[in-house]
Amino acid sequence: MGKPEVSAPILLLGSQGQLGWQLQRDLAPLGPVLALDRRTCDLADLDRLRAVVREQRPRLIVNAAAYTAVDQAEMEPELARRINAEAVGLLAEEAKALDALLVHYSTDYVFDGSKAAPYVESDATAPLGVYGRTKREGEEAMLAVGGRGLIFRTSWVFGARGKNFVKSILRLASERDSLKVVADQVGSPTPAAMIATVTGMVLAQLDGGRAQQGCELYHLVAANPVSWNGFARAIVATAEQTPGFALKLGPEAIAPIPSSEYPLPAPRPLNSRLDCRKLEDRFGLTMPDWQPYLSRMMQLLALKAQNGY
């Protein structure tokens, strides 16, 4: 199929998700961005996906779309696999044919959480559920194709747009006098805005992705891991300090419980900590703390509520 034209667009998939929304801003300095959401390009429709790539002939594909309903994936394994694995393999093949770079995002759920220390990129994967398995299959598909690519594993993503743990805790804290949140699962809450910023910085160092040769895998999470319980307490504490939230409970009313007291269809890894030194050393970066992003998110949510949108 040959190389894409110099004026070829950056193709962004999943543009309306919490990560895709942020990526639109951070990819813009690198060139024209064609941002497609699920309505215009659903990764579950492989024929449509292939047709879009062949029509647009992008020089860079950024895939921020995924099947992320961890528990629902246990009931819909075929759909999760199509989106998280088969579509990624297809994108890798089409990108290779164009000599385009494919950027893809994976997850801490490719690990079983049994390691005592943070995971590095070379650690063996052992996902516990369908979601993690299909995301691992997506990684493997990209690596097997052998084109030019970047895989960023991240975790516990949150942002002002879309559904996430932060918004769930805020809703519950406005409705209940007490909460129970698991305290034996530890990981890094990672702002979507931070992932997008780091992606843009990496691509800028790689001349818009043109300088990347082969497919590389990196861990990309915020600094200072915490338990889900600790994260929930931080959310409520931050909301208390932000005018505009009406809460019925404070951080002290969020009781720690083991995972065994909160069973879910899909098991979660107890240790989701990811070591980012490979990414930091390669690109001269330092992963920031998630807490300032959480404070900014609270201000945005309060402003939205105040203005009725």
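Predicted model: local features only at pLDDT ≥ 70, side-chain atom pairs only at ≥ 80, totals over all residues.
A search of the whole structure finds 11 aromatic pairs, and the tour stops at two of them.

Select F165 and W228. Their rings form a tilted pair, with 4.6 Å from centre to centre and 50° between the planes. F165 belongs to helix α5 (residues 165-175) and W228 to helix α7 (residues 228-240), so the pair links distant parts of the chain, 63 residues apart. F165 has a relative accessible area of 22% and is partly exposed. W228, at 13%, is buried, because buried means under 20% relative accessible area.

F231 lies in helix α7, while W290 sits in the loop between α8 (277-283) and α9 (291-307), so the pair ties together parts 59 residues apart in sequence. F231 is buried, with a relative accessible area of 1%. W290 is buried too, with a value of 3%.

Together, W156, F158, F165, W228, F231 and W290 form one aromatic cluster.

The last two stops each have an arginine over a ring. Select R161 and W21: R161 lies over the face of W21, 3.8 Å from the ring centre. Then select R282 and F283. Here R282 lies over the face of F283, at 4.5 Å from the ring centre.

Conventions. Residues numbered from 1 in each chain as written. Heavy atoms only, no water. Phe/Tyr/Trp six-rings, centres within 6.5 Å; stacked < 30°, edge-to-face > 60°. Helix = DSSP H or I, 4+ residues; strand = E, 2+ residues; numbered from the N terminus. Buried < 20%, exposed > 50% of the residue type's maximum accessible area, 1.4 Å probe, protein only. Lys NZ or Arg CZ within 6 Å of the ring centre and 35° of its normal.
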